[in-house]
Amino acid sequence: MSALFLHDAYLSTAEALVTGIREDGGILMDQTCFYATSGGQPGDTGFFERENGDKIVIAGTVTGNTKAEIIHIPAPGQATPEIGEKLVLHIDWDRRYRLMRMHTACHLLSVVCPYPITGASVNEEDSRVDFDMSETIDKAEVTAKLMELVNANHPISTEWISEADLDANPGLVKSKNVRPPRGQGDIRLVCIGEGSSVDSQPCGGTHVGETAEVGEIHIGKIEKKGKENRRFRIRFGPAPE
């Protein structure tokens, strides 16, 4: 299966052929623009359009036995397409775009707070990143530094490196608990700034093309989750007075 979102996060529709129907009703396609739940980012929702105009509502997207297997989960009561049927895939773009902006904001936070990441969850309104840190830090100061990066409108791009390249540059991996998947060949880097001047780290998620697209964000809360763990909550909009 070809994961189109890895090469173009802005692709909201695509034509594809049904290659399989699982016992649980999950639909497999030869290619897809639907992102599957992974790395803290939720899978896409949306619908598949049949040739006669009927819709098959997709309630979620997940991975199968490997990251390369992407399963589209229909909402209850939907029709089942035929193997080999051509469908037009439509993701819920408004939701996806918010997730793209939020996921990018999480990367920016890892620049402002250069500590090992112990967990993360990307959501439409309130995302979190957990850091292995014991320092006390002011949320207004973090917000100001985040907005500096946003307003600088740094370009965001991707590049692919070999597993050997990653082994030679272990500092690229910021997560303390999760390592990039191996055994599938090259590893995808998300690069922020000209020549990765701001940041570069392995990630298979979807992101905006320029930091200004993130929009106004703020740190809503910093929670202490253990002696050396701090949870930062990122929210859209200005910080409340």
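Me: Let's start with a helix. Which strands does helix H1 (residues 93–112) lie across, and at what angle does it run to E13?

Reply: A helix and a strand each have a direction, and comparing the two tells you how they are laid over one another. This is a predicted model, and in it H1 lies across E11, E12 and E13. Its direction is at about 115° to that of E13.

Me: How do I read the sheet formed by those strands: what is the order, and what is the pairing?

Reply: Read the order like a row of neighbours. Here the row is E11-E12-E13, an open sheet of 3 strands with antiparallel pairing. E11 (156–161) and E13 (199–202) stand at the edges; each has a single partner strand, so one side of each has no neighbour in the sheet. Neighbouring strands are turned against each other by 25° on average, if you ignore direction.

Me: Can we zoom in on one pair? How many bridges are there between E12 and E13?

Reply: Strand E12 covers residues 187–192, and its antiparallel pairing with E13 runs over 4 bridges. To find one spot by eye, look for leucine 189, which stands opposite proline 202 in E13.

Me: And how should I picture the side chains along a strand?

Reply: In a regular strand, side chains alternate between the two faces of the sheet.

Me: Next, pockets. What is the volume of the second largest pocket, and which residues lie nearest its centre?

Reply: The general idea is simple: rolling a probe the size of a water molecule over the atoms shows where empty space is left. In this model, the second largest pocket has a volume of about 150 Å³. Its lining is made of 14 residues, and those nearest the centre are Ala9, Ile156, Thr158, Arg188 and His207. E11 and E12 are the elements that give two or more residues to this lining, with E11 giving the most, 3 residues.

Me: How do the residues of that lining divide into nonpolar, polar and charged?

Reply: There are 7 nonpolar, 5 polar and 2 charged residues in the lining of the second largest pocket.

Me: Back to sheets. What is the order of the open sheet of 4 strands?

Reply: Going along the row, you meet E9-E10-E15-E14, with antiparallel pairing. E9 (117–121) and E14 (217–224) are the edge strands, each pairing on one side only. From one strand to the next, the twist averages 20°. E14 and E15 (residues 230–236) pair over 7 bridges in the antiparallel sense, and lysine 221 is found opposite arginine 233 in E15.

Me: Which strands of this sheet does H1 touch?

Reply: H1 packs on this sheet too, touching E9, E10 (126–131), E14 and E15, and its direction makes about 140° with that of E15. Another helix, H2 (residues 139–151), lies across E14 and E15, running at about 145° to E14.

Me: Now strand E8: how many bridges does it have with E2, and how many with E5?

Reply: E2 (residues 13–21) and E8 (residues 86–91) pair over 5 bridges, antiparallel, and leucine 17 faces lysine 86 there. E5 (residues 46–49) is joined to E8 by 4 bridges, again running antiparallel. In that pairing, phenylalanine 48 has leucine 89 as its bridge partner.

Me: Stepping back, how many helices and strands are there in the protein?

Reply: The count is 3 helices and 15 strands. For 241 residues, a compact globule would have a radius of gyration near 18 Å, and the 19 Å of this protein agrees with that. Along the principal axes, its C-alpha atoms fill a box of roughly 55 × 45 × 35 Å.

Notes:
Residues are numbered from 1 along each chain as its sequence is written. This is a predicted model: local features need pLDDT of at least 70, side-chain atom pairs count only at pLDDT 80 or more; totals for chains, interfaces and linings use all residues. Side-chain values use heavy atoms; hydrogens and water are left out. Two strands pair if DSSP finds at least two bridges between them. Axes are lines fitted to C-alpha atoms, for helices over the stretch in contact, and angles run from 0 to 180 degrees between N-to-C directions. Contact means heavy atoms within 4.5 Å. On a 1 Å grid over the protein atoms alone, a cavity is a set of points where a 1.4 Å probe fits but cannot get out, and a pocket is an open set with protein on both sides within 12 Å along at least five of seven lines; lining residues have an atom within 4 Å of a point. Grid points are joined across faces, edges and corners, and a volume is the space filled by probe spheres set on the points. Ala, Val, Leu, Ile, Met, Phe, Trp, Tyr, Cys and Pro count as nonpolar, Asp, Glu, Lys and Arg as charged, and the others, Gly among them, as polar. The radius of gyration is taken over C-alpha atoms; the globule rule is 2.2 Å times the number of residues to the power 0.38.
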